[in-house]
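Here's a quick tour of one protein chain, written for someone new to reading structures. Have a look at the model first, then work through the notes below.

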Amino acid sequence: IVTEGTGHDPYCFVEFYEHRHATATIAAMNGRKILGKEVKVNWATTPTSQKKDTSSHFHVFVGDLSPEITTDDIKAAFAPFGKIS
């Protein structure tokens, strides 16, 4: 788990060992609230105008996090979906 960002919009990246766990996480967690803030969860890809093939991706982007969030909070929220690397 890598936490980034400063100020009001921290974000992080969560890496799973299996693609299906990352897929389930995106489906279940996008729009959910963590510490009272609705988070954005999507594939961690570089910005491009072309559609990306995410079939081999394991990295998930999590944005709009609460400034108070900790690595332990992230692990607790995402660990039920699969093993985090």
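Residues 60-84 have end C-alpha atoms that lie 11 Å apart, and this span is 32% helix and 16% strand. Helices (H or I, at least four residues) and strands (E, at least two) are DSSP runs here, numbered from the N terminus. The UniProt annotation "domain: RRM", from an unreviewed entry, covers residues 6-40 and 60-84; UniProt positions are given in the numbering used here, feature names are shortened, and annotations may be inferred rather than shown by experiment.

Keep in mind that this is a predicted model: local features need pLDDT of at least 70, side-chain atom pairs count only at pLDDT 80 or more, and totals for chains, interfaces and linings use all residues. Residues are numbered from 1 along each chain as its sequence is written, and side-chain values use heavy atoms, with hydrogens and water left out.

**The overall layout**

- The chain has two helices and six strands, and from the N terminus on they run β-β-α-β-β-β-β-α.
- Of the 85 residues in the chain, 31% are buried; buried means under 20% relative accessible area, exposed over 50%, and partly exposed in between (1.4 Å probe, protein chains only).
- Take the contacts (heavy atoms within 4.5 Å) with a separation of 6 or more: residues 24 or more positions apart account for 62% of them.

**The nonpolar core**

- A nonpolar core is a set of buried Ala, Val, Leu, Ile, Met, Phe, Trp, Tyr and Cys residues joined through side-chain atoms within 4.5 Å.
- The largest one here has 18 residues, and Val14, Val41, Val62 and Phe78 have the most contacts inside it.
- Strand E2 (11-15), helix H1 (19-29), strand E5 (40-43), strand E6 (59-63) and helix H2 (71-78) each supply at least two residues of this core.
- Leaving out residues up to four places away in sequence, Phe78 touches Val14, Phe16, Thr25, Met29, Ile34, Val41, Val62 and Ile84.

- Thr25 sits in helix H1 and counts as buried, because its relative accessibility is 0%.
- The side chain of Thr25 reaches the backbone oxygen of His21 at 2.8 Å. That's a polar contact: a pair of N or O atoms within 3.5 Å, where, within protein, one must be able to donate a hydrogen and the other to accept it, and residues adjacent in sequence count only if both atoms are side-chain atoms.
- Not counting residues up to four places away in sequence, Thr25 touches Phe16, Asn30, Val41, Phe78 and Phe81.

**Aromatic rings**

- Rings of Phe, Tyr and Trp (its six-membered ring) pair if their centres lie within 6.5 Å; planes under 30 degrees apart count as stacked, over 60 as edge-to-face and the rest as tilted.
- The count comes to three aromatic pairs. In the pair of Tyr11 and Phe13, the ring centres are 5.9 Å apart and the planes are at 90°, so this one is edge-to-face.
- Tyr11 is partly exposed at 27% relative accessible area, and Phe13 is partly exposed at 27% too.
- Tyr11, Phe13 and Phe61 form one aromatic cluster.

**Salt bridges**

- Side chains of opposite charge can pair when their charged atoms come close.
- The whole structure holds two salt bridges, each being a side-chain nitrogen of Lys or Arg within 4 Å of a carboxyl oxygen of Asp or Glu.
- Arg20 and Glu18 meet in one of them (2.7 Å, N to O); Arg20 is exposed at 54% relative accessible area, while Glu18 is partly exposed at 34%.
- Asp64 forms a salt bridge with Lys40, with the closest N and O atoms 3.5 Å apart. Asp64 lies in the loop between E6 and H2 and Lys40 in strand E5, so the pair ties together parts that are 24 residues apart in sequence.

**Positive phi angles**

- Most residues other than glycine have a negative phi.
- Leu35 isn't a glycine, yet has a positive phi of about 55°; Leu35 is in the loop between strand E3 (33-34) and strand E4 (37-38).
- Asp64 also isn't a glycine, and its phi is positive, near 60°.
- Leu35 counts as partly exposed at 48% relative accessibility, and Asp64 counts as partly exposed at 23%.
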